[in-house]
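Please look over the sequence and the fold below before reading on. The paragraphs that follow lead from one local backbone feature to the sheet, the cores and the helix packing.

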Amino acid sequence: GRASPPLAALSQVLRLERSRRTGIVFPLQKLERYLAPGTDTARFRLFQPGLAALQRAEALFRSDRGHPIDYVSSAVRMDHAPPPGLPEVCFIGRSNVGKSSLIRALFSLAPEVEVRVSKTPGHTKKMNFFKVGKYFTLVDMPGYGYRAPQDFVEMVEAYLQERRNLKRTFLLIDGVVGLQKTDNIAVEMLEEFGIPYVMVLTKIDRASRGVLLKNVLEIQEFVKENTQGCFPQLFLVSSVEFSGVHLLRCFVAHVTGNLPTVEAS
């Protein structure tokens with residue numbers, strides 16, 4: 001398998017000096033200091049696990065002989081999907097939002113797992129299922145918008161409505177461009193079906209601090225005013241710098257019931 005990239009493991013991050021370490025693990029908190037005085041920051045710190053929880057979550061994403069992490073299968077229709085046994089999370093977003101790159105970053109400690117990352121937007125045409133030992137399944141959904149598969153809506157709607165073991169949907173938003181019209185369609189679908197979901201801002205390494213802060217505040221306001229099922233805290237990630245990846249692993253472990261208690265530090 002490939003070697004794990006730098007900062008993929010918490011042990012590497014913990015060697016960094018403190019402010020850089022905080023920026024990698026809690027990128028949203030790094031933005032707090034640039035907010036106007038008096039801004040409510042409660043939504044920046046709702047999910048703030050301690051080191052023990054982060055380490056337990058990382059262990060789930062690290063494969064070994066007794067804990068294999070495998071690509072299971074792909075499906076274009078629900079009747080092709082593997083049986084709904086384990087708790088499940090799915091990742092959806094616009095084509096070219098960096099979905100496959102993020103999933104590859106999450107699985108970077110299991111380099112034998114093959115997550116195809118294409119330079120061509122809209123490469124994922126099927127639902128791809130990855131099994132994480134005996135703990136949970138992660139599903140990479142086709143991208144919507146540009147070059148989406150023709151039967152995207154039927155495929156995704158059927159999955160969201162029928163998948164009884166689905167614990168949380170991760171809706172990926174491009175951190176550089178913010179919420180787009182096509183994203184609103186996904187939000188409406190999740191709200192209509194009453195599916196609990198969380199928004200993840202990708203590619204934060206490509207956005208200037210000003211742009212990122214503006215997008216974060218606008219999306220937080222949108223979530224507060226227009227959603228019922230969305231977790232109030234945004235997650236910020238960079239698949240290149242690994243910012244936010246450790247925290248996202250921990251949240252996945254938490255929502256799939258594999259971290260019974262998340263100690264806030």
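**A guided reading of the model**

At a relative accessibility of 13%, L7 counts as buried, where buried means under 20% relative accessible area, exposed over 50% and partly exposed in between, computed with a 1.4 Å probe on protein chains only. L7 is found in the segment before helix 1 (10-13), and its phi is near 70°, a positive value in a residue other than glycine. Helices (H or I, at least four residues) and strands (E, at least two) are DSSP runs, numbered from the N terminus. The model is a predicted one, in which local features need pLDDT of at least 70 and side-chain atom pairs count only at pLDDT 80 or more, while totals for chains, interfaces and linings use all residues. Residues are numbered from 1 along each chain as its sequence is written, and side-chain values use heavy atoms, with hydrogens and water left out.

A further positive phi, of about 70°, belongs to F242, although F242 is not a glycine. This residue is found in the loop between strand 7 and helix 9, and F242 counts as buried at 2% relative accessibility.

Seven strands form an open sheet with mixed pairing, in the order 1-3-4-2-5-6-7, two strands being counted as paired if DSSP finds at least two bridges between them. At the edges stand strand 1 (69-75) and strand 7 (235-236), each of which pairs on one side only. Helix 7 (residues 181-193) packs on the sheet and touches strand 2 (88-93), strand 5 (166-174) and strand 6 (197-202), its direction making about 165° with that of strand 5; axes here are lines fitted to C-alpha atoms, for helices over the stretch in contact, and angles run from 0 to 180 degrees between N-to-C directions.

Strand 3 (residues 127-132) runs antiparallel to strand 1, and six bridges join the two. Within this pairing, Y71 stands opposite F130 of strand 3, and D70 stands opposite K131 of strand 3. Strand 3 also runs antiparallel to strand 4 (residues 136-140), to which five bridges join it, and there the bridge partner of K131 is T137 of strand 4. The hairpin of strand 3 and strand 4 has three residues between the strands, and in it G133 takes a positive phi near 55°. Strand 3 is mostly covered, with five of its six residues buried.

Which residues touch the most other members of the largest nonpolar core? Of its 48 residues, these are F91, L102, F107, F170 and L248, a nonpolar core being a set of buried Ala, Val, Leu, Ile, Met, Phe, Trp, Tyr and Cys residues joined through side-chain atoms within 4.5 Å. Helix 9 (residues 245-255) gives the most to this core, with eight residues. Apart from this core lies another, of 42 residues, among them L35, M141, A158 and L166. Leaving aside neighbours within four places in sequence, F91 is in contact (heavy atoms within 4.5 Å) with K99, L102, I103, L106, L138, V139, D140, M141, F170, L172, L248 and V252.

Helix 5 (residues 99-106) packs with helix 9 at an angle of about 80°, their axes lying 10 Å apart. The two helices are therefore roughly perpendicular to each other, the class for angles of 65 to 115 degrees, whereas those under 35 count as roughly parallel, those over 145 as roughly antiparallel and the rest as oblique. L102, A105 and L106 of helix 5 make the contact with V245, L248 and R249 of helix 9. By class, this contact has five nonpolar, no polar and one charged residues, with Ala, Val, Leu, Ile, Met, Phe, Trp, Tyr, Cys and Pro counted as nonpolar, Asp, Glu, Lys and Arg as charged, and the others, Gly among them, as polar.

Six of the eight residues of helix 5 are buried, so this helix is largely enclosed by the rest of the structure. The buried residues are K99, S100, L102, I103, A105 and L106, and they pack against strand 2, strand 4, strand 5, strand 6 and helix 9.

Finally, L201 lies in strand 6 and is buried, with a relative accessible area of 0%. Beyond its neighbours within four places in sequence, L201 is in contact with I173, G175, L212, N215, V216, I219, L234, F235, L236 and V237.
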